[in-house]
Amino acid sequence: MTETQAGRAALPIPDRLLAVATRMFAEKGYASTSVQEIVEAAGVTKGAMYHYFGAKDDLLYEIYHRLLAMQMSRLERIAGGPGEPEERLRAAALDVLETSFLHLDDFTVFWRSMHMLSATRQQAVRAERRRYHERFRGLVEEGQYAGAFRAGPPADLAVHFFFGAVHQIPTWYHAGGRLKAEAIGVHYVELFLDGLRGSGA
């Protein structure tokens, strides 16, 4: 048993199933991963899985909900904390990049498999994501009102621009590449903030 497998075996069954499913969905894709493969890799029975998750779709939804809930909690703490708007926006932007790299398998699944969720669950995920974006947008607007950022670019557009770039990370990033995750995060955030400040800042 490898160190990673031993670590998974020590997890409670729901967490173990989620860890295995997340890795497999990221590597093989949701549609190409069977419940049998998940339970075998997790070292549990199908009965144990169905005790916690009614279907494979429940595992997929939990990956979305878990990532969004974690990032939303962190954003609320940053946005409601001390500091000028630009400081808090910088911290929030760095945080979404840091957590995305830290949970890269979850992040990869997030942007590859949305269409595999039921219509009701797609709506629920979009609503959670919209709440996150609105809270993030509020920091941009605070900075614009305070004069730290130029008022020209609509805050909505700035947020979509930033997250559009962030969402592409799973398509090209490879651990062990020339740039480390921390450096990429810093560059992304500086490019974003430079755009908000404009040439006169």
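This is a predicted model: local features need pLDDT of at least 70, side-chain atom pairs count only at pLDDT 80 or more; totals for chains, interfaces and linings use all residues.
Local features need pLDDT of at least 70 and side-chain atom pairs count only at pLDDT 80 or more, while totals for chains, interfaces and linings use all residues. Residues are numbered from 1 along each chain as its sequence is written, and side-chain values use heavy atoms, with hydrogens and water left out.

Me: What is the volume of the largest cavity?
Reply: A cavity is a set of points, on a 1 Å grid over the protein atoms alone, where a 1.4 Å probe fits but cannot get out. Grid points are joined across faces, edges and corners, and a volume is the space filled by probe spheres set on the points. The whole structure holds one cavity of 30 Å³ or more. The volume of the largest cavity is about 130 Å³.

Me: Which residues of the lining lie nearest the centre of the largest cavity?
Reply: Lining residues have an atom within 4 Å of a point. Helices 5 (56–79), 6, 7 (104–112), 8 (119–146) and 9 (155–166) each supply at least two residues of this lining; helices are DSSP runs (H or I, at least four residues), numbered from the N terminus. Of the 14 lining residues, those nearest the centre are L68, Q71, W111, F163 and H167.

Me: How many residues of the lining of the largest cavity are nonpolar, polar and charged?
Reply: Ala, Val, Leu, Ile, Met, Phe, Trp, Tyr, Cys and Pro count as nonpolar, Asp, Glu, Lys and Arg as charged, and the others, Gly among them, as polar. By that division the lining of the largest cavity has nine nonpolar, four polar and one charged.

Me: Which helix gives the most to the lining of the largest pocket?
Reply: A pocket is an open set of points with protein on both sides within 12 Å along at least five of seven lines. The largest pocket, of about 180 Å³, has a lining that divides into six charged, two polar and one nonpolar. Among its lining residues are R126, H133, D156 and H160. With six residues, the greatest contribution is that of helix 8.

Me: Is H133 buried or exposed?
Reply: H133 sits in helix 8 and also lines the largest pocket. Buried means under 20% relative accessible area, exposed over 50%, and partly exposed in between (1.4 Å probe, protein chains only). Because the relative accessible area of H133 is 15%, this residue is buried.

Me: Which residues is T99 in contact with, leaving aside its neighbours within four places in sequence?
Reply: T99 belongs to helix 6 (residues 85–102) and is buried, at 1% relative accessible area. Contact means heavy atoms within 4.5 Å. With those neighbours left aside, the contacts of T99 are M70, Q71 and R74.

Me: What separates the C-alpha atoms of D105 and R23?
Reply: D105, in helix 7, is partly exposed with a relative accessible area of 34%. Its contacts, beyond neighbours within four places in sequence, are T22, R23 and A26. D105 and R23 are 82 residues apart along the chain, and their C-alpha atoms are separated by 6.0 Å.

Me: How far does helix 2 reach from its first C-alpha to its last?
Reply: Helix 2 (residues 13–28) has 16 residues, and the expected span is 1.5 Å times one less than the number of residues. After helix 2 comes G29, with a positive phi near 95 degrees. Close to the expected 22 Å, the reach of helix 2 is 22 Å.
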